[in-house]
Structures are given as C-alpha cells and as structure tokens.
Amino acid sequence: MKKLFFLLPVALFACTMGSEKELAEANGLRIYQQHCMACHGEKGEGNGLLYPPIQKSDYMLADSVRTLQHIVQGMSGPIQVNGVSYNGIMPSEPTLTDVELGYLMTFLYNSWGRDGGHFTSEWISKNKPLK
Ligand code: HEC
C-alpha cells in the first residue's frame, strides 16, 4: 500500500506531461491565436479573397522552408492557393524566437487533420532566412 501512494503522484505527473511534440503544438496554438488568427481565421480557413486559407493549403504544404521564410520576413505578390489567386500583403514576424517559431511551425503542420512532423528550434535556426 505504501508503494502505491508513492507511485500515484509519479503516474499523475506522467499523464499531464505529454510528448515534446504535443507540448509544441499546444504552445503553437497560442502563438497562432496571437499572431495569425486575425487574418487566417480560427481554423485556418482564411477570409474570402483577402486572406488565403492555411488549413489544407497546397501552397503551404509544398514547402516548409518557404513557409518559415514568409513568417519571418512577411510576403506579398501574386500566389495561388488551392487554385485560387491571392495578391495581398502579409506582415513579417521578426520578434518570434527560434523556440516559438518551432512551436508555431509544429502547430501549423500538425493541425486540422495533418501529421507533419516536429519542427525543433535547431531546424528553425538551420532554415531561417538571414535578417
Ligand atoms: C495582416 C494579416 C495577416 C497576418 C497577421 C498573417 N498573415 Fe499569413 N498571409 C496574409 C496574406 C494577405 C497572405 C497572402 C500574401 C500574398 O498574396 O502574397 C498570407 C499568406 C500566408 C501563407 C502562404 C499562403 C497559404 O495560405 O498557404 C502562409 C503559410 C501564412 N500566410 C501563414 C501565416 C502565419 C503562420 C501567420 C502568423 C505568424 C500569418 N500568416 C499572419 C495575411 C496575414
């Protein structure tokens, strides 16, 4: 019985901890809500012809390094997302750290039915554009 009391807190701790990737996704959701949701929508659905969707976006899924560049540096000019043309301006996000960018990228590539891997801060610093 004594042993059980000892094990209980350990088991509870293990349950709430989750994997590193799950943690990144949860933090990434918060960053998405603060920095991206206003334009791209609660579920990444976009907004008419002004803001392209990122949920099921063929453009985003085609190239994760390009996505990272666009988040850090912003983007403008004509693009096609799922066969629809957009030509808007997305502001840059120069303040997010590599750890935060890793969380955000992990969230983006694992949300809304996707399973796109874990983007670590090491991956970010290797693939981030020079400022
Ligand atoms: C002020 C509105 C605005 C904010 C905030 C914003 N975006 Fe965008 N985003 C745009 C617009 C407009 C485009 C299309 C730009 C173009 O036409 O060249 C775009 C394009 C994109 C694309 C490529 C096209 C696609 O749909 O796959 C991705 C990915 C993306 N944004 C992700 C993000 C992420 C992640 C954030 C948060 C860090 C963010 N955006 C914040 C307006 C915004």
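Predicted model: local features only at pLDDT ≥ 70, side-chain atom pairs only at ≥ 80, totals over all residues.

Reader: Okay, where does K56 lie?

Author: K56 sits in the loop between helix 3 and helix 4. Its phi is near 55 degrees, a positive value in a residue other than glycine.

Reader: Which other residue other than glycine has a positive phi?

Author: N82 is one of them, with phi near 50 degrees. You'll find N82 in the loop between strand 2 and strand 3.

Reader: And is N82 buried or exposed?

Author: N82 is exposed, with 11 other C-beta atoms within 10 Å. The cut-off for exposed is 12 or fewer.

Reader: What about G83, buried or exposed?

Author: G83 counts as exposed, because it has 6 C-beta neighbours inside 10 Å. G83 is also in the loop between strand 2 and strand 3 (84–86). In space, G83 is 9.5 Å from Y59, C-alpha to C-alpha, and the two are 24 residues apart in sequence.

Reader: Let's zoom out. How many helices and strands are there in the chain?

Author: The chain has seven helices and four strands. Going along the sequence, the pattern reads α-α-α-α-α-β-β-β-β-α-α.

Reader: How much of the chain counts as buried?

Author: Of its 131 residues, 18% count as buried. As for contacts between residues at least 6 apart in sequence, 49% join residues at least 24 apart.

Reader: Now helix 6. Which residues are buried there?

Author: In helix 6, L101, G102, Y103, L104, M105, T106, F107 and L108 are buried. That's eight of the eleven residues, so helix 6 is largely enclosed by the rest of the structure.

Reader: What do the buried residues of helix 6 pack against?

Author: They pack against helix 2, helix 5 and helix 7.

Reader: So what's in the largest nonpolar core?

Author: The largest nonpolar core has 14 residues, and those with the most contacts inside it are L68, L101, L104, M105, F107 and L108. Helix 2 (20–35), helix 5 and helix 6 (98–108) are the elements that give two or more residues to this core. Helix 6 gives the most, with six residues.

Reader: You named L68. What is L68 in contact with?

Author: Leaving aside its neighbours within four places in sequence, L68 is in contact with L101, M105, I124, N127 and K128.

Reader: Which residues in helix 5 are buried?

Author: T67, L68 and I71 are buried in helix 5. Seen down the axis of helix 5, the buried residues fall within an arc of 100 degrees, so they line one face of the helix. Helix 4, helix 6 and helix 7 (121–127) are among what covers them. Just after helix 5, G74 takes a positive phi of about 80 degrees.

Reader: And helix 2, which residues are buried there?

Author: A24, E25, G28 and Y32 are the buried residues of helix 2. Looking down the axis of helix 2, they fall within an arc of 100 degrees, so these residues also line one face of their helix. What covers them includes helix 3 and helix 6.

Reader: What's on the other side of helix 2?

Author: On that other side, Q33 and Q34 are exposed.

Reader: What should helix 2 span, going by its 16 residues?

Author: At 1.5 Å a residue, helix 2 should span 22 Å. Its end C-alpha atoms are 22 Å apart, which agrees.

Reader: Last topic, the ligand. How many residues surround the ligand?

Author: There are 28 residues around the ligand, and the closest are C36, C39, P52, G88 and M90. The elements giving two or more residues to this shell are helix 3 (37–40), helix 4 (58–62), helix 5 (64–73), strand 1 (75–76), strand 2 (79–81) and strand 4 (89–90).

Reader: What's the shell around the ligand like by class?

Author: The shell has 18 nonpolar, nine polar and one charged residues.

How values were computed: Residues numbered from 1 in each chain as written. Near = placed C-beta within 6 Å. Nonpolar A, V, L, I, M, F, W, Y, C, P; charged D, E, K, R; others polar. Core = buried A, V, L, I, M, F, W, Y, C linked by C-beta atoms within 7 Å. Buried ≥ 20, exposed ≤ 12 C-beta atoms within 10 Å, placed from the backbone. Contact = placed C-beta atoms within 7 Å. Arc of directions from axis to C-beta. Expected span 1.5 Å × (residues − 1).
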